[in-house]
Amino acid sequence: MCIPKAVDAGSECKNHAVLDGTAWYGATSAKKVVSIGLLFGLLVISAVAGLSVGAAKLGLLDVLSALVGKSDVSSNIVWKLRVPRIVMAVLAGWGLAVGGTVSQAILRNPLASPFTLGVASGAGFGAVMGIVLTGGLSNGIIASSAFCFALVTSFLILAVAHLKSASSETLILAGVAFMYLFSSLTSFMQYVSTMEEVHQIVFWFFGSLSKVGWAEIGIAALMIVPPVPALMKWAWDLNLLMVGDDSAKSLGVNVARLRTGGVILASLMAAGAICFCGVIGFIGLVSPHIARMLIGSDHRFLLPASGILGAVLVLSADTLGRSVWAPQVIPIGIMTSFIGVPFFFYLLVRRKKEYW
Amino acid sequence: MLQVTDLAFRYRKQMVLKDVCLESKRGQILGILGPNGVGKSTLLKCMLHILKPTGGSVTIGQEDVRHMSPLKRAKLLAYVPQAYPSKFPMTVFDAVLVGRRPYLSWRPSHEDITKVTEVLRLMDLEPLASRDFDCLSGGQKQKVMLARAFVQEASYLLLDEPTSNLDVKHQLEVMELLQETVSQDGVGVVVAMHDLNMAQRFSDEVLVMNGGGVFARGKPCDVLNWKNIGAVFGVEVEQMKGNNGSRCWYPVRPFQKADRG
């Protein structure tokens, strides 16, 4: 389309240099790709640090020789204890962060996270049911129960959205309502449980990576990895949701379908993390914001950046949790906030202009 | 031609639109006038199929908008909404680029980028390209929204009160921009507005709505008179003449109950 005449958009428009759009856009995109690469490098460093830090301190060479199986003792420590823990930390961080990014986009709310959709409280209630029913003896049943209730919550929210409308306000209000319902049910279960069960419930809510094996990792990966291609395909539509439902619809986006699909995939990813690791708060809320501050709001770049950042945060929190008070292990759910909050405030204060 | 025939829309039990008929021709501006809550925005949303009409039809050429794919509809109809919600940072360039969504693959093509750059340049928004959309003034935001609609390259532009938040200078700039786009590119424009004088000056035709239906339709000089304005808006107006012979309306006072009786 040819636009006929230049119009004045204010004083900044005078005497400006001509913009070479292709070069400028190419350069900004390249910067974002480099940022994602740097974040990935940070993830690798965090993983190596995670492998070497713990009750048995291993040097870099020890870790490398353990990875190739040259030392029996170190190999056992690395392959049986630390590698599964690190893989699960990466998966959980990625799942929670990407789930949070999608939740914020589809609900168009910076305070949203998978927890806003009621997933965490549903999973928490499921875990409590599992602990009470089995006396805390079966991790498999506890995780399955947590997973089932996480999904039940998502479907209840979708049912409410279907009855009313799939607007962001409806989803948030339904999520908050179910969050309170499941929190009350969890409190009631705690009230009628034995001291031993209450102890296990409290421990589950702290979050932990210590009971994770390869079977759990496999199931979590099945829930966390497959949604990624679909979400990346929807990246432009998620960008459009940020400019309003009506604009998105007029540009050809099926908003109701995108929002329903987004709720299902974000819940699935978060449930994959929560049901095996317990409640790891904060990551789903803050990773998307930190990633946005670093590379902007284009979901083609934001989704991977946020996912990697979430993995780095969970991994660093776990490594610090295992090392600062060794041999005691500080639960991951506590450590993520200890690490993430100061970093988040630093970025928030350092920015010259208003973020929201 | 964009044609609306007997369009009706009901929200629960409340009839919002009834028997609305209009035609928008390419190369013309159709102004839609009416008091608050009369259904102007609802009419535009029904035309775009954002809201599903409960009766009647909207056709472009011979094809019903209802039966078009969302992407085809987006290539024919562009929309500039009244409000622009924004909760997350987004550069002006990106805010305009999303207007290319009907043509975009995962990676924007050279053509997509060139179109956006060209429109930003011609609208003098180029220096703001890397700025956060949320940090712009109301007038600048409105221009960015228009730029987004322009890069969509649709045959018809549907605008919902595009000048409502602007000062007089920006109002004139936006309306002149629309007028020149229409005359040069042959785009059809349907614009909901409140300002009688802007409608009088810039519209090729006006449609005055009242009570969810069409009250009057035709050329501004035929439709906009003290009698129709009084009946629809409930105000007494005086007609004034400019130096170049143009007409404008000066609102004197709202009618009292006794006046209506």
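In chain B, 11 residues of domain 1 are in contact with 8 residues of domain 2; two residues count as in contact if their C-beta atoms, placed from the backbone, lie within 7 Å. This is a predicted model, in which local features need pLDDT of at least 70, side-chain atom pairs count only at pLDDT 80 or more, and totals for chains, interfaces and linings use all residues. Residues are numbered from 1 along each chain as its sequence is written, while chains are lettered from A and ligands numbered from 1 in the order in which they are written.

**Domains of chain B**

- Domain 1 of chain B covers 2-88 + 155-223, and domain 2 of chain B covers 225-261; the bounds come from an automatic or database domain assignment.
- The C-alpha centres of domain 1 and domain 2 of chain B are 23 Å apart.

**Side of domain 1 of chain B that touches domain 2 of chain B**

- Two or more residues each come from α7 (196-202), β9 (205-210) and β10 (213-218) of chain B; helices (H or I, at least four residues) and strands (E, at least two) are DSSP runs, numbered from the N terminus.
- α7(B) gives the most to this side, with 4 residues.
- The residues of this side comprise 6 nonpolar, 4 polar and 1 charged. Ala, Val, Leu, Ile, Met, Phe, Trp, Tyr, Cys and Pro count as nonpolar, Asp, Glu, Lys and Arg as charged, and the others, Gly among them, as polar.

**Contact between chains A and B**

- Chain A contributes 40 residues to the contact and chain B contributes 55 residues.
- On the side of chain A that touches chain B, α1 (21-52), α10 (235-241) and α11 (245-250) of chain A each supply at least two residues.
- α11(A) gives the most to that side, with 4 residues.
- The residues of the side of chain A that touches chain B divide into 18 nonpolar, 13 polar and 9 charged.
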